[in-house]
Structure formats: structure tokens, C-alpha cells
Amino acid sequence: MSLKQKITDDMKAAMRSGDIKRRDTIRLLQAAIKQREVDERIVLDDTDIILVIEKMLKQRKDSIAQYEVAQRMDLADIEKEEVSVLMDYMPQPLNDTEITALITEAIAASGAQGVRDMGKVMSILKLKLAGRADMAKVSILIKEKLSG
């Protein structure tokens, strides 16, 4: 079953069960997916949908931080609930050993010689690691490998 179909099925289930918060979050996700499809005139596959979810998660995490600084815990709690719903659609995260192995493969495949070739390595890894690793952490690991 595709991720898009799973999201649609979960939407129906949330509507039947009366889970308003889950329903609303899934509607936001469906709207973001549809918006990207209309804007780019394409049909998103699972990888593209994961990138949309990652973007939504980043926005929510940024909002949570801002709400907590402003002492608006009520709004932060709403964002946290949305994050938990969105996380249900993310793939299983990779552990550090798996990430390091993929970085080593990507460096070999790209022929990267130093830190200036980091973009080549990142472009290879971006699709492989979409939703499965923190790309900021991956970037740091790549720098360490290429400089050391």
C-alpha cells in the first residue's frame, strides 16, 4: 500500500472514530501534498511525500520552540500532537552504524576527495536517507569523514 493510500485510509478511520485532532492533522498533510502536486504538476510518490512530511515536522518543531519561549504551552501542546501524528508516517530511523555505512558508500560512489565535494555526497544521500536520519547530523558526519 502506498503512503498516500495509507494517509487516505487513516483519514477515513479518524473521521469514523471522531478523532478530531488526528483528522485535522491528516487534512493538513493531505492539503500540503495536494498543493505540491498542483504547483509542480506531478503526482508525488512515497519519497516525495516523506519530504513533505519532513518539511511539516520541521515547521512544527520550530513553532514548538517559539511557543515555549513565549510561554504559550497551550499552542505548543497542539503542535506536539501534530508532530506525533505526522511521525506515524515517517519510515523507521537508521542507526549510526547504518548511516556511516551509507556515507562511506556515497563518498566512494561520488569520488569525493575533500570537504569541497560534500555537495556531491549529500545529493546522493538525500534521497536514501529521506525521513530516516537527521540530515544536519549526517552533514556533520560527512564533514568528519571528508576532512579526516
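**Glu37**

I looked up Glu37 and found it in helix α2; helices (H or I, at least four residues) and strands (E, at least two) are DSSP runs, numbered from the N terminus. The model is predicted, so I kept to its rules: local features need pLDDT of at least 70, side-chain atom pairs count only at pLDDT 80 or more, and totals for chains, interfaces and linings use all residues. Residues are numbered from 1 along each chain as its sequence is written, and side-chain values use heavy atoms, with hydrogens and water left out.

Is Glu37 buried or exposed? Glu37 is buried, at a relative accessible area of 10%. Buried means under 20% relative accessible area, exposed over 50%, partly exposed in between (1.4 Å probe, protein chains only). I then listed its contacts, setting aside neighbours within four places in sequence: Lys4, Ile42, Val43 and Leu44. Contact means heavy atoms within 4.5 Å.

**Whole chain**

I counted seven helices and zero strands. From the N terminus the elements run α-α-α-α-α-α-α. Along the principal axes, the C-alpha atoms fill a box of roughly 55 × 40 × 30 Å. Of the 148 residues, 33% are buried. I also checked contacts between residues at least 6 apart in sequence: 56% of them join residues at least 24 apart. The chain exposes about 9,200 Å², and carbon and sulfur atoms supply 54% of that. Accessible areas come from the Shrake-Rupley method with a 1.4 Å probe; for residues, only the protein chains shown count as cover.

**Helix α5**

I turned to α5, residues 96-110. Its 15 residues reach 21 Å from first C-alpha to last, close to the 21 Å expected at 1.5 Å a residue. The expected span is 1.5 Å times one less than the number of residues.

Which residues of α5 are buried? They are Ile99, Leu102, Ile103, Ala106, Ile107 and Ser110. Seen down the helix axis, these fall within an arc of 140 degrees, so they line one face of α5. The arc is that of the directions from the helix axis to the C-beta atoms. An α-helix has 3.6 residues a turn, so residues three or four places apart point the same way. On the other side of α5, I found Thr97, Ala108 and Ala109 exposed. The buried residues of α5 pack against α6 (118-128) and α7 (135-147).

Next I checked the ends. Asn95 caps the N-terminal end of α5, with a side-chain oxygen 3.1 Å from the backbone nitrogen of Thr97. Gly111 follows α5 and has a positive phi, near 70 degrees.

Ser110 is in α5 and counts as buried at 19% relative accessibility. A polar atom of the Ser110 side chain lies 3.3 Å from the backbone oxygen of Ile107. A polar contact is a pair of N or O atoms within 3.5 Å; within protein, one must be able to donate a hydrogen and the other to accept it, and residues adjacent in sequence count only if both atoms are side-chain atoms. Leaving aside neighbours within four places in sequence, Ser110 touches Lys120, Val121 and Ile124.

**Salt bridges**

How many salt bridges does the structure hold? I found 15, each a side-chain nitrogen of Lys or Arg within 4 Å of a carboxyl oxygen of Asp or Glu.

- Glu82 pairs with Arg60, closest N and O atoms 2.5 Å apart. Glu82 lies in α4 and Arg60 in α3, so the pair ties together parts 22 residues apart in sequence. Both Glu82 and Arg60 are buried.
- Asp96 pairs with Lys137 at 2.7 Å between the closest N and O atoms. This pair links distant parts of the chain, Asp96 in α5 and Lys137 in α7, 41 residues apart. Asp96 is partly exposed at 42%, and Lys137 is partly exposed at 38%.
- Asp117 pairs with Lys120, closest N and O atoms 3.8 Å apart. Asp117 is buried at 9%, whereas Lys120 is partly exposed at 44%.
- Lys6, Asp10, Arg22 and Asp88 are linked in a network of salt bridges.

**Positive phi**

I noted Arg41, which has a positive phi of about 55 degrees although it is not a glycine. Arg41 lies in the loop between α2 (20-40) and α3 (46-69) and is exposed at 77%. Gln71, also not a glycine, has a positive phi of about 60 degrees. Gln71 sits in the loop between α3 and α4 (73-87) and is exposed at 61%.
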